[in-house]
Amino acid sequence: MTSETVFVTGATGYIAGHIILQLLNKGYKVVGQVRSVSKGEILAKEVNNANFSYEVVEVLEKEGAFDEVLLKHPEVTLFMHTASPVQFSQVDHEKNTLIPAINGTKNVLASIHKVAPQIKRVIVTSSVVAAATFAELADPNFIGGEDSWSSITYEQAKTNDASTAYAGSKKFAEQAAWEFVKQQKPTFKLTTVLPSYVFGPQAFEFGVKDLNHSSEFLVGALKLTKDSKIPAAESICVDVRDVANAHVKALESNEAAGKRIVVSNSRFVYGQFVDIIRRNFPNYTKQLPFVETLPSDYFANYNRFGDSESRRILDIEYIDFEKTIIDHITQVLAFQFIQVY
Ligand code: NAP
């Protein structure tokens, strides 16, 4: 057991919810950053743990945004920056996605460097889309991973569609973090965690009521009908509980300091969601289009997105893909919080 305190930005988020629960289970104290008192109150009520408190920082991209809260919490020695815009309906990509992600990350690191030298470790949540384009991730023969960067340019991120903006925001925010460390040589050690598509149940009830983007993508399968065409999507994915575990393990591992940690478990095609739902939720067997069950070795000869260092350092026993999907859909269909730990 530990008595250390971890500051978690984006505390209302899907992934952050699991990080908070896992940290509290391990005996850490947690200060979560939220964007409003009302969100903080809802979160604190659901977390319901005396070792959790929240602070409001409304606008991440404002210079010095974290100075005040960090000065107020000199007990914080560990920091996780998960907050980032994950929205695909906005139109001003630079204002709504790129600047909050990039400047938010820079501000967090600058505040820690300036006013909180007691903070030893910082984890920034990046994404595999910082390391490869969506098209590359869909290609089972693509070789990339912990050492690669997506080829996306700032101009493309600014002017193309909202998904491209999101991908660019993750690449340029992560690069800004590494650049900050290179230039400023702070006393903290940086690790970036790069999850693939994240699925699995929400940590809190408010998350089930207002699903995050990757959950919406999966849950969209429930809306298909017998004659629907199966979306052609293919990529790589991981359970949210494993992503949270990777963040916590990275925080505790000296070997993870200074590294990019890819967290990914399975390849998937969208049809698998449909097949798993049909086989496990009888009410949907007739409604959804028939999809052949893929043989278990279907992806065996495809390239794994490079994560050998992460696997070695974190030694995570990943949750099986089918269990992830079943747990996620069970929770959504019940439309209520189910115990996930
Ligand atoms: P989420 O549920 O949408 O959470 C996003 C969090 O960031 C929320 O706390 C949100 O606060 C905050 N946020 C959003 N826009 C913001 C802004 N402009 N300024 C300040 N805070 C903002 O998403 P998530 O899936 O948990 O994602 C968490 C992190 O994981 C992100 O960095 C994301 O890029 C990364 N990631 C996610 C996936 C995935 O498949 N889910 C995969 C790879 C990486 P509010 O609640 O106030 O909106």
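This briefing walks through the cores, the ligand site and some single residues of one structure. The model is predicted. Its largest nonpolar core has 40 residues.

**Nonpolar cores**

- Val6, Val8, Ile20, Leu23, Phe52 and Met80 have the most contacts inside the largest nonpolar core, which has 40 residues.
- Helix H1, residues 14-25, gives this core its largest share, eight residues.
- A second core is separate and has 24 residues, including Val69, Val76, Ile112 and Leu190.
- Valine 8 shows how such a residue is packed. Beyond its neighbours within four places in sequence, valine 8 is in contact with Ala16, Ile20, Leu23, Val30, Val31, Gly32, Gln33, Met80 and Thr82.

**The ligand site**

- Threonine 12 has a polar side-chain atom 2.6 Å from an oxygen atom of the ligand.
- For lysine 39, an N or O atom in the side chain is 2.7 Å from a ligand oxygen atom.
- Glycine 10 takes part through its backbone: a polar backbone atom is 3.1 Å from an oxygen atom of the ligand.
- How much of the ligand does the protein bury? Taken alone, the ligand exposes 890 Å², and the protein buries 88% of that.

- Serine 127 sits in the loop between strand E5 (121-125) and helix H5 (134-138).
- Not counting residues up to four places away in sequence, serine 127 touches Tyr166, Lys170, Val193, Leu194 and Pro195.
- Serine 127 and leucine 194 are 67 residues apart along the chain, yet their C-alpha atoms are separated by 3.9 Å.
- The serine 127 side chain also reaches the backbone nitrogen of valine 129, at 3.0 Å.
- Histidine 73 is in the loop between helix H3 (67-72) and strand E4 (76-81).
- Histidine 73 has 9% relative accessibility, so it counts as buried.
- Leaving aside neighbours within four places in sequence, histidine 73 is in contact with Val31, Glu55 and Gln118.

**A covered helix**

- Helix H11 (residues 270-280) is mostly covered, with nine of its eleven residues buried.
- Among the buried residues of H11 are Tyr270, Phe273, Val274, Ile276 and Ile277. Asp275 and Arg278 are buried too.
- The cover over these buried residues includes E7, helix H9 (213-219), strand E10 (266-269), helix H12 (282-285) and helix H14 (321-334).

**Positive phi angles**

- Most residues other than glycine have a negative phi.
- Lysine 185 is not a glycine, but has a positive phi of about 45°. Lysine 185 lies in the loop between H7 and strand E6 (189-195).
- Lysine 185 has a relative accessible area of 64%, so it is exposed.
- Aspartate 315 also has a positive phi, of about 50°, and is not a glycine. Aspartate 315 is found in the loop between helix H13 (308-314) and H14.
- Aspartate 315 is exposed because its relative accessible area is 58%.

Conventions:
Residues are numbered from 1 along each chain as its sequence is written. This is a predicted model: local features need pLDDT of at least 70, side-chain atom pairs count only at pLDDT 80 or more; totals for chains, interfaces and linings use all residues. Side-chain values use heavy atoms; hydrogens and water are left out. Helices (H or I, at least four residues) and strands (E, at least two) are DSSP runs, numbered from the N terminus. Buried means under 20% relative accessible area, exposed over 50%, partly exposed in between (1.4 Å probe, protein chains only). Contact means heavy atoms within 4.5 Å. A nonpolar core is a set of buried Ala, Val, Leu, Ile, Met, Phe, Trp, Tyr and Cys residues joined through side-chain atoms within 4.5 Å. A polar contact is a pair of N or O atoms within 3.5 Å; within protein, one must be able to donate a hydrogen and the other to accept it, and residues adjacent in sequence count only if both atoms are side-chain atoms. Accessible areas come from the Shrake-Rupley method with a 1.4 Å probe; for residues, only the protein chains shown count as cover.
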